[in-house]
Amino acid sequence: TRVLLTGGSGFIAAHTLDVLLKHGHSVITTVRTQQKADKIKAAYKSYADKGQLDFAIVPDIAQEGAFDQAVISDPPFEAVLHTASPFHFNVTDVKKDLLDPAIIGTTGILKSIKKSAPSVKTVVITSSFAAIVNPSKGFWPGHEYTEEDWNPITMEEAQENPMSGYRASKTFAEKAAWEFLEKQKPNFSLATINPPMVFGPIIHNLDTLENINTSNQRLVFAAQGKFKDEIPPTGVHLWVDVRDVAEAHVAAFEKPEAANKRFFTLTGFFSNKELCQIIGKNFPQYKDLPTDETPGGDYPEGGKEGIYKFSNKRSVDVLGLKYRGLEECVVDAVKSFQEVGL
Ligand code: NDP
């Protein structure tokens, strides 16, 4: 299948590109600069040489019409995977830095496809658990999160802090996509992938660990000894391996049954304390890890029973996912950080 993948330089997108190429799909991926394209090309030279991989430069997805050129290709695209969206909390202006690229990026690519790429049959969008969770409910014991849940966040609450801004950006972007489908009745179907915290090996050409992607940051900090005296609160206690998220994106357009569904793709619970324990057990060279006595980073009172439940049933049944375990994920992640100087 001829596929357009946005944000190819990202943590999740790099794995998605890897799966796409290995499944034999022909891919054009968008990146912000030629330099980023060149790096990916070098890593996948054999695919690029035989014409299975090419690039389109889209410097800023928040600009109206940003994807107008990128959606046009020969042979024409049949599937579009839209992963590009800011995921960081280093923001000065929630609207400009988070909401606009997420929302305009999403509606923009859908408009461009409808206008200029009628051959596209499926669009897969990387949404998030951020668009599912209701943060005001806290650990919400007794509740089971599924694809039926929506974050009720308002535009006003989005402005409160960068975390709310990020969650709102994902919620409003996903809502806008489903609304587009309903109102514009385009030729394509939609599927969204809604992962919680994504951990795992990095394969996206990172120059320095200072630029580690947001969700992997705590693993780097733990190994660097930053949690020696106190482990920070875990926040969301749900996780998934990046390789499973990548498989989910590809299965979501390969399998017709996935059309017009959200997929809550997750493995299960974790705590920051468990992450530290796994690193300590497998990498004895890192000396400044917390011990079992170090405060913080644990489950709330009552352990996992004190937290909401979840169902990943749809992703297993429809996408055929087989989720990897936490230890394998953390070990492979840390090994990949070692190649960038950990
Ligand atoms: P990364 O930061 O590694 O990837 C984000 C990608 O989006 C990068 O390729 C980045 O390009 C691109 N991007 C961001 N803003 C713009 C913009 N204004 N114009 C063009 N490109 C832009 O993070 P992830 O791989 O983790 O995130 C990928 C997707 O997954 C996002 O949609 C995120 O919300 C979602 N997600 C991630 C989770 C996680 O735990 N990692 C959990 C749930 C959802 P560049 O690097 O060049 O700036």
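**Around the ligand and inside the protein**

In this predicted model, 27 residues surround the ligand, and the closest are Phe11, Lys36, Tyr166, Lys170 and Ser215; a residue counts here if one of its heavy atoms lies within 4 Å of the molecule. Local features need pLDDT of at least 70 and side-chain atom pairs count only at pLDDT 80 or more, while totals for chains, interfaces and linings use all residues. Residues are numbered from 1 along each chain as its sequence is written, and side-chain values use heavy atoms, with hydrogens and water left out.

By class, this shell has 13 nonpolar, ten polar and four charged residues, where Ala, Val, Leu, Ile, Met, Phe, Trp, Tyr, Cys and Pro count as nonpolar, Asp, Glu, Lys and Arg as charged, and the others, Gly among them, as polar.

Some polar contacts (pairs of N or O atoms within 3.5 Å) can be followed atom by atom. A backbone N or O atom of Phe11 lies 2.8 Å from an oxygen atom of the ligand, and a side-chain N or O atom of Ser215 lies 2.8 Å from a nitrogen atom of the ligand. Taken alone, the ligand exposes 890 Å², of which the protein buries 88%, with areas from the Shrake-Rupley method and a 1.4 Å probe.

The structure also holds one cavity of 30 Å³ or more, a cavity being a set of points on a 1 Å grid over the protein atoms alone where a 1.4 Å probe fits but cannot get out. Residues with an atom within 4 Å of a point line it, and those of the largest cavity include His82, Thr106, Lys170 and Glu174.

Key
On a 1 Å grid over the protein atoms alone, a cavity is a set of points where a 1.4 Å probe fits but cannot get out, and a pocket is an open set with protein on both sides within 12 Å along at least five of seven lines; lining residues have an atom within 4 Å of a point. Grid points are joined across faces, edges and corners, and a volume is the space filled by probe spheres set on the points. A polar contact is a pair of N or O atoms within 3.5 Å; within protein, one must be able to donate a hydrogen and the other to accept it, and residues adjacent in sequence count only if both atoms are side-chain atoms.
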